[in-house]
Amino acid sequence: MATTAIPIDTLPSMNPATGEVLGHFERTPASSLPEIVSRARAVQRDWAKLPIRDRCAKLRGLRNRIMASRNELTDAVVRESGKPRVEALFADIFVALDSAEYWSKNAARALRTQRVPHHSTAAKAKRGYLTYEPLGVIAIISSWNYPLAIPLSEIIPALAAGNAAVCKTSDFTPQCGALIEKLFIDAGFPKDLVRIVQGGAEVGQALIDASADKVIFTGSVATGRRVAEACAKRLIPTVLELGGKDAMIVLADADLEVASSAAVWGSYTNCGQVCLSVERLFVEQLAVERFIALCVEKTKKLRLGSGSDPATDVGPLIRPEHVRRMIDLVDDAVSRGASVVCGGSARPELGPNFFEPTVIVGVDSSMKLFQEETFGPILAIQVVRDAKQAITHANDSPFALAASIWTKDKSRGMALAAELRAGAVMVNDAISYFGIAEAPHGGCGASGWGRTHGKAGLLEMMQMKYIDVDGLARSEKPWWYRYGSDLERAADAFLQFEFSGGIGAKLRNARSAMKTFFRDHGW
Ligand code: NAD
């Protein structure tokens, strides 16, 4: 709740465009986390017993609440993250609404009990089923860059699946966190089923120590490593959605007008503070001159300013240290031979956190700009001889989140996608798959593990149970006691029947093999 006094146990809500403190929000005491998790666990038991259609009806109510509050939510996102309103609407509000819409319609089908056909003769008398049960309490620890889309698109499937959720939103976006909790209260969800906890590392750590059943973490590699270590000590399974260094490969046959617009948007949207930002461009020699010219022309037309100004294309970075980081990355690249073609400087006259959209060419893997996550408005280009070299460079990174390929030849795009080390590859688009509810999101290597979104993301929040129903309730199993040389021969005949191949071997061994099944156990 916002207060006018500034007690020590509050979090400031700050506008990154101006550095102005907009209000203060209560910090959740770390010592209260065990109680919060245990209450969520108690409520979850009844929530999980509700028919899934009732849980989904509640999600439709949530969707209606988000829709009705979209202006207030958008204002909060713009104020605390600095992004332009259009980006808050398309990325945060749309993703949250679509997640509620999708899971309210599709969770029941995704979690339906499945028959598992058995291929082996030894298991033919059994019927197999896969069922899915909620894990219990899902702990969600989120980043600030999509302060509604990321937490909500994880809380919503957690609830659809019958779990409770305790979510620590980022300490940079406490107002968005408070509004998320209010959405669930206003939509009539059971008290304590969804809790937002506010604070920094100490509250995140306390949430892990409170022993939730799974931790879904979104954030930097450094924090992800700490979270994984803390969870490993308690054997808490994790999903880690960490940083990216996404490659964009532009082939000579691409529509360069379209690809250059994509490069500009993909590098600067959310001021480049996107895990899926286009951070490394590999452009085929034949196209590079025109492609750079187009990128520079389009970059120069972009308006840098506060996200609340409708004319703004690119907003501020989140905090001053991020501006210093951009300066350091550009200096390092230039000192190693890269050239800034446009932009390249901080703009302190606009506010404390502004850095110009920047096009830089001649970048390579010796430079920090291609090694570390940039997380800022820098469009960095390396020329490549051909597609093969582009793939080699693109795969030369510890990160493996997503990538894009630009070509008019869709089959070639598909074939090259198979060669890229990434959790997702887009052909002729970038970033937007994050907004497709069916598409799983996640990577490997330094980008983390596990998935959010899509059925794969839903199943991360479930305990999968296999149920085996044996049809021969009156028979002892052939592999049970008692043993002896007859059973040994019958077992070998069974192996020959099953695995020798050819109808002859099957016929020769069928009789002896059957003895395995219909033997006298000799009790
Ligand atoms: P961050 O790592 O600083 O913080 C992420 C969250 O972890 C915050 O809520 C923070 O308070 C919390 N935290 C910090 N220390 C903790 C600890 N010791 N234990 C538990 N929790 C702790 O990241 P950020 O600056 O908020 O976000 C930017 C990073 O997130 C970038 O690297 C970006 O690529 C990544 N990100 C990844 C995805 C993805 O889906 N892969 C999406 C968005 C952002």
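**Figure 1. Overview of the predicted protein model, with 17 helices and 20 strands.** Helices (H or I, at least four residues) and strands (E, at least two) are DSSP runs, numbered from the N terminus. This is a predicted model, in which local features need pLDDT of at least 70, side-chain atom pairs count only at pLDDT 80 or more, and totals for chains, interfaces and linings use all residues. Residues are numbered from 1 along each chain as its sequence is written, and side-chain values use heavy atoms, with hydrogens and water left out. The C-alpha trace spans about 90 × 60 × 40 Å along its principal axes. Of the 523 residues, 53% are buried. Buried means under 20% relative accessible area, exposed over 50%, and partly exposed in between (1.4 Å probe, protein chains only). Among contacts with a separation of 6 or more, 70% join residues 24 or more positions apart; contact means heavy atoms within 4.5 Å.

**Figure 2. Helix α16 against helix α17.** Residues 485–499 form α16, and residues 503–517 form α17. The two pack at an angle of about 140 degrees, with their axes 7 Å apart. Therefore α16 counts as oblique to α17. Axes are lines fitted to C-alpha atoms, for helices over the stretch in contact, and angles run from 0 to 180 degrees between N-to-C directions. Angles under 35 degrees count as roughly parallel, over 145 as roughly antiparallel, 65 to 115 as roughly perpendicular and the rest as oblique. The crossing of α16 and α17 is left-handed. A crossing is left-handed if the near helix is turned anticlockwise from the far one by less than a right angle, and right-handed if clockwise. Residues of α16 in the contact include Leu 487, Phe 494 and Phe 497. On the α17 side, Lys 506, Asn 509 and Phe 517 are among them. By class, this contact holds 10 nonpolar, four polar and three charged residues. Ala, Val, Leu, Ile, Met, Phe, Trp, Tyr, Cys and Pro count as nonpolar, Asp, Glu, Lys and Arg as charged, and the others, Gly among them, as polar.

**Figure 3. Helix α2 against helix α6.** Here α2 (residues 52–68) packs on α6 (residues 174–186) at an angle of about 130 degrees. Their axes lie 9 Å apart. That angle makes the pair oblique, and the crossing is right-handed. Leu 62, Arg 65 and Ile 66 of α2 meet Leu 183, Phe 184 and Asp 186 of α6. The contact has four nonpolar, no polar and two charged residues.

**Figure 4. Helix α4 alongside helix α5.** An angle of about 10 degrees separates α4 (residues 85–110) from α5 (residues 149–160), and the axes are 8 Å apart. So α4 runs roughly parallel to α5. Trp 103 and Val 95 are among the α4 residues in the contact. From α5, the residues include Leu 152, Ile 156 and Pro 157. The contact divides into 11 nonpolar, two polar and one charged.

**Figure 5. Ser 397 in the loop between α13 (387–395) and β15 (399–400).** Ser 397 counts as buried because its relative accessibility is 8%. A polar atom of its side chain lies 3.1 Å from the backbone nitrogen of Phe 399. Leaving out residues up to four places away in sequence, Ser 397 touches Lys 245, Arg 280 and Arg 421.

**Figure 6. His 322 in helix α11 (residues 320–335).** His 322 has a relative accessible area of 17%, so this residue is buried. Leu 207 is 115 residues away along the chain, and the C-alpha atoms of His 322 and Leu 207 are separated by 27 Å.

Key:
Polar contact = N/O pair within 3.5 Å; in protein donor to acceptor, adjacent residues only side chain to side chain.
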